[in-house]
Amino acid sequence: MNNETTRLLDLVGLSKSFCELCERAREYSKEEFTDRALDLLPRIYWNFFDLSAGVALGEADYFSDYVDESLYDQIRGSIASVMGGADTFLETFEEDMKYSDTPITSSISECLADLFQPLFNFISIVHDSEGSQLEEAFISCKEDFENYWSQTLCNALKALNNVKYNHLNEEEDYG
């Protein structure tokens with residue numbers, strides 16, 4: 001197995017860990033969930049950003065979605081339940097923000113559900129093809145990363161970082 005294949009398989013494992021975190025969100029406290037997400041998201045970003053050297057990036061194949069509206073809503077709702085009042089944050093990269101007098105908000109749960117969708121599709125394609133479509137699934141997901149969800153990941157990471165360290169500051173202030 002070459003180095004690129006090994007890295008792609010590691011990325012499948014990392015993506016699977018993120019999807020499992022989202023699917024099992026209600027099993028975690030807000031602090032545990034936040035810590036796990038803060039551990040996984042930077043590594044997912046780095047791997048999708050970095051992995052292309054050595055992988056022959058061709059045109060992305062079209063794959064069916066494995067995530068339907070019901071599953072998306074279930075994931076979003078579970079994460080929103082865990083995050084509680086910390087779920088909402090100010091969206092600073094929204095194009096409409098330039099023209100708005102009122103703040104535009106987003107939610108961690110929606111961002112993470114938006115990340116869950118391409119990553120779940122990625123791991124499902126690899127699983128269902130027994131690995132034979134690993135590179136094709138990666139190319140498709142990488143294209144989506146570059147065009148759509150890289151900024152969403154960064155926004156979620158920033159919001160989760162705020163939850164993590166505002167929580168610690170509140171403990172120090174009141175502790």
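Reader: How many aromatic pairs does a search of the whole structure find?
Author: In this predicted model, the search of the whole structure finds nine aromatic pairs, where rings of Phe, Tyr and Trp (its six-membered ring) pair if their centres lie within 6.5 Å. Residues are numbered from 1 along each chain as its sequence is written, and side-chain values use heavy atoms, leaving out hydrogens and water.

Reader: Why is the pair of Phe48 and Phe138 called stacked?
Author: Their ring centres are 5.7 Å apart and their planes lie at 20°, so the pair is stacked, given that planes under 30 degrees apart count as stacked, over 60 as edge-to-face and the rest as tilted. Phe48 lies in helix H2 and Phe138 in helix H5 (residues 134-174), so the pair ties together parts that are 90 residues apart in sequence; helices here are DSSP runs (H or I, at least four residues), numbered from the N terminus.

Reader: What makes the pair of Phe48 and Trp149 edge-to-face?
Author: The centres of these two rings are 5.1 Å apart, but their planes stand at 80°, so the pair is edge-to-face.

Reader: How do you know whether Phe48 and Trp149 are buried or exposed?
Author: Buried means under 20% relative accessible area, exposed over 50% and partly exposed in between (1.4 Å probe, protein chains only). Phe48 has 0% and therefore counts as buried, and Trp149, with 3%, is buried too.

Key. This is a predicted model: local features need pLDDT of at least 70, side-chain atom pairs count only at pLDDT 80 or more; totals for chains, interfaces and linings use all residues. Helices (H or I, at least four residues) and strands (E, at least two) are DSSP runs, numbered from the N terminus.
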